Amino acid sequence: MEYFLFLVSSGLVVGATYGLVGMGFAIIYKATGIVNFAQGELLMLTAYIAFSLASSLSLSLVPLMIVTIPIAMVIGIVLERVFIRPMLGEPLFSIVMVTIGLAVILRGVTIMIWGPDPHEFPTGLSTQVVLIGPVPFYQVQLYGLATLAAVTLAAWAFFRFTRLGIAMRAVAANEGAAMLMGIEVSRIHMIAWALAAAVAALAGILFASMFKLGPTIWFEGLRSFPAVILGGLDSVLGAALGGLVVGLIENLAQGYIGQGLREIAGFVVIVVILMLRPYGLFGAREIERV
Amino acid sequence: MRTGHYKETYGELIALSDSGVAWAWVAALAAALVLLPLLVGNYTLSLAVSVLIAIVGAIGLNLLTGTTGLISIGQSGFLAIGAYTNALLATDYGWPVWASLPAAGVLSGAISLLVGIPSLRLKGLYLAITTLAFSFIVNYVILYAEPLTHGPNGVFLNDTTFLGLDLSSDRGLYYFVLGVAVLVTLAALNLLRSRIGRAWLAIRDHDIAARAMGIDLVRYKLLAFAVSSFFVGIAGGLMSLQIRFINIDVFGFLLSIEALAIIILGGFGSIAGTILGAVFLTLLPEAIRIVLSLFVDPQAPAYTKYIYEIRGIAYGIVIVVFLRFKPDGLIGLWRDVRKYFANWPLAY
C-alpha cells in the first residue's frame with residue numbers, strides 16, 4: 001500500500017508538470033489551430049533563463065516564477081512574430097513544420113549558451129519531507145501541485161470571465177466570424193503564444209527543481225503530448241487533468257509492469273487514445289473520418 | 001522553350017521523360033557515378049554513400065508525406081527497424097545480405113501497417129503525433145528486448161560480401177548502395193506514373209473526392225505506408241552496413257527531423273527534388289565544417305563539443321527558411337531558373 005501511495009504521489013507530481021506543458025500545447029492549438037512542437041524547447045529555454053536568474057539574484061521559487069513569467073511571455077511573443085506570423089495563410093502542415101524547425105534551433109542555441117552539462121537547480125527550498133496523510137512529499141513537489149491547481153483555476157476563470165479569454169474562445173470557434181466581430185485575430189495568436197510560454201516557464205522551473213536542469217529537458221515537451229491528447233488537443237483544462245492521469249499511468253506502469261516503461265507508457269496511451277477516441281476526453285468532436 | 005511536342009498516346013503522356021537531352025544528362029550522371037570511386041578518396045566516397053542512403057530513405061518518406069500527404073515524424077523508428085533487422089539477421093542468424101536487406105524492408109513495411117491503421121481514422125497532426133509516439137515505442141522495444149536485439153550493447157556487423165563485392169570496403173559498399181539507390185529511384189518513379197501513384201496524389205489533394213472517384217482509401221493509404229516504410233527499412237539496413245556498429249542512440253529524434261528537412265528542402269512529392277535535398281542536406285554539415293574551419297580551429301573543443309547542436313540548428317534553419325521563402329523546395333527553384341532562361345529575355 002505504501003509503495004502504491006508513493007507511486008501515486010510521485011506520479012501526480014510529474015503529472016503536474018505534464019499538465020502545465022500540455023496546457024501550453026492546448027492554448028496554442030485552441031487559438032491558432034497548430035500544434036507547437038517547440039513547446040518543450042520553450043520550456044527548456046525559459047528554465048535555463050530562470051536558472052541564470054536564480055543563481056545571480058538568488059531568488060527562491062515563487063519570486064523566481066514571478067520574475068520569469070514576463071520574460072517568457074516576451075520570448076513567446078518574439079518567436080510568434082519572427083517565426084509564425086510570416087507563415088500566416090500557409091498550409092497548416094508548413095506552419096507545424098516551422099515549429100519543428102524552431103524546436104531544433106532553440107534546442108541547439110540553448111545548449112550552446114549554457115553548455116551540455118546538467119545543473120543543480122537552486123530553489124532555496126528545504127529538502128525536508130512533508131507528510132500529507134501517509135504520503136511523503138518534498139516541498140517542491142507540493143509547490144508543483146499547487147502551481148498546477150492555481151494555473152488551472154486561473155485558466156478556467158480567464159476563459160470564462162475575461163474579455164480576452166472569451167475573444168480567444170471565439171477565435172478558436174470560428175476565426176472568420178471572430179474577425180468580423182472586431183476581434184484582432186493576430187493579436188489573439190500573439191497572446192496565445194505568450195501564455196503558452198508562461199506556462200512552459202512554470203513547468204520548466206518546477207521540473208528543473210524537482211529533478212535536474214539538463215540538455216535533455218526539452219524532451220519533457222514530447223513527454224507531455226499524451227497529456228494533451230488524452231484531454232483533447234483543444235481543451236486547456238482537459239490537458240491539466242490529462243497530465244495528472246498520464247503521470248499516474250506512467251508511474252504505475254513503471255512500478256508494477258516493467259522497468260523503463262515510464263519512458264513510453266504515455267506514448268502507448270497516445271496510440272490507444274487516438275485509435276479509440278481521437279478527440280480525447282474533453283475535446284471537440286471534429287475529427288473527419290475518411 | 002520546347003514547342004510542338006504533342007502527346008498522342010497515353011503511353012507518351014506518362015513516359016518518364018520524352019526529352020532526349022534529359023536522358024543524355026541521366027546517362028552522363030550515371031557514368032560519373034560509376035567512375036567516382038576511381039577519382040576520389042575514401043572519405044569522399046563514404047560521404048557519397050551517406051548521400052545515397054539518405055536518398056533511399058528520403059524517397060520512402062516522400063512517397064508517404066509528399067505524395068500521399070500522410071505526415072510522418074517518426075521515420076527514425078522505421079530506420080531503426082530496418083537497421084536492426086539487417087544487422088541481427090546477418091550477425092546472429094548468418095543470413096547473406098541479399099536476403100537480410102530485403103527482409104529489413106519487408107519487416108519495416110509490415111510493422112508500418114500497425115501505424116497505418118490509426119491513419120485510416122486520423123488526419124494531419126494527429127497522425128504526425130501517432131508516428132512520433134510509434135518511433136519512441138520502437139526505440140524502447142529495441143532497448144529492452146535484449147535477448148533478441150542485444151539491447152543497450154548494440155550490434156557489430158561482420159564483414160559481408162555481395163556477388164563478390166566486399167561490402168566492408170568503401171568502394172564495394174559504394175557500388176552496392178549505388179545499385180540499391182538506383183533501383184529504389186526507378187521503382188519510385190515508376191510507381192508514381194502508375195495507377196497507384198495517381199491514386200496517392202488524389203488522396204493527398206482531396207481524399208473525399210478521391211474516394212468518390214473510386215479509390216479505395218484503406219487500401220491505398222496502407223499501401224503508401226507499406227511501400228514507404230519498405231524503402232525506409234532498406235535505408236536503415238544500408239545504414240547498418242555503413243556504420244557497422246549500431247545502437248539505439250543512432251536513431252534519435254534528430255534523424256526524423258533530418259528526413260523531414262530533406263524532403264522540405266528538396267520539394268514535396270518530387271523524386272528529383274528528394275535527390276537534390278538529400279545531396280544538399282547530407283553535405284550541409286560537411287560544408288559547415290569546412291566554413292567553420294576557416295575561422296576556428298577544427299580541433300577546438302568548443303566546436304567538437306557542439307557539433308550535434310550545430311547540425312540541429314542548421315537543419316532547423318533549412319526547414320524554417322525554405323518553408324517561409326521557397327515552399328516548393330530546391331526543385332521549385334530549379335524550375336524557376338529553367339523557366340527564366342527558357343523565356344529570356346522576356347520575364348514571363
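User: At what angle do helix H3 (residues 42-67) of chain B and helix H12 (residues 253-266) of chain B pack, and how far apart are their axes?

Analyst: This is a predicted model, in which local features need pLDDT of at least 70, side-chain atom pairs count only at pLDDT 80 or more, and totals for chains, interfaces and linings use all residues. Residues are numbered from 1 along each chain as its sequence is written, chains are lettered from A in the order in which they are written, and side-chain values use heavy atoms, without hydrogens and water.

H3(B) and H12(B) pack at about 75 degrees, with their axes 9 Å apart; axes are lines fitted to C-alpha atoms over the stretch in contact, and angles run from 0 to 180 degrees between N-to-C directions. Helices are DSSP runs (H or I) of at least four residues, and strands (E) of at least two, numbered from the N terminus. The two helices are therefore roughly perpendicular, a term for angles of 65 to 115 degrees.

On H3(B), the contact (heavy atoms within 4.5 Å) is made by B:Ala54, B:Ala58, B:Leu61, B:Asn62 and B:Thr65. H12(B) contributes B:Ala259, B:Leu260, B:Ile262 and B:Ile263. Seven of these contact residues are nonpolar, two are polar and none is charged; Ala, Val, Leu, Ile, Met, Phe, Trp, Tyr, Cys and Pro count as nonpolar, Asp, Glu, Lys and Arg as charged, and the others as polar.

Notes: Parallel < 35°, antiparallel > 145°, perpendicular 65-115°, else oblique.
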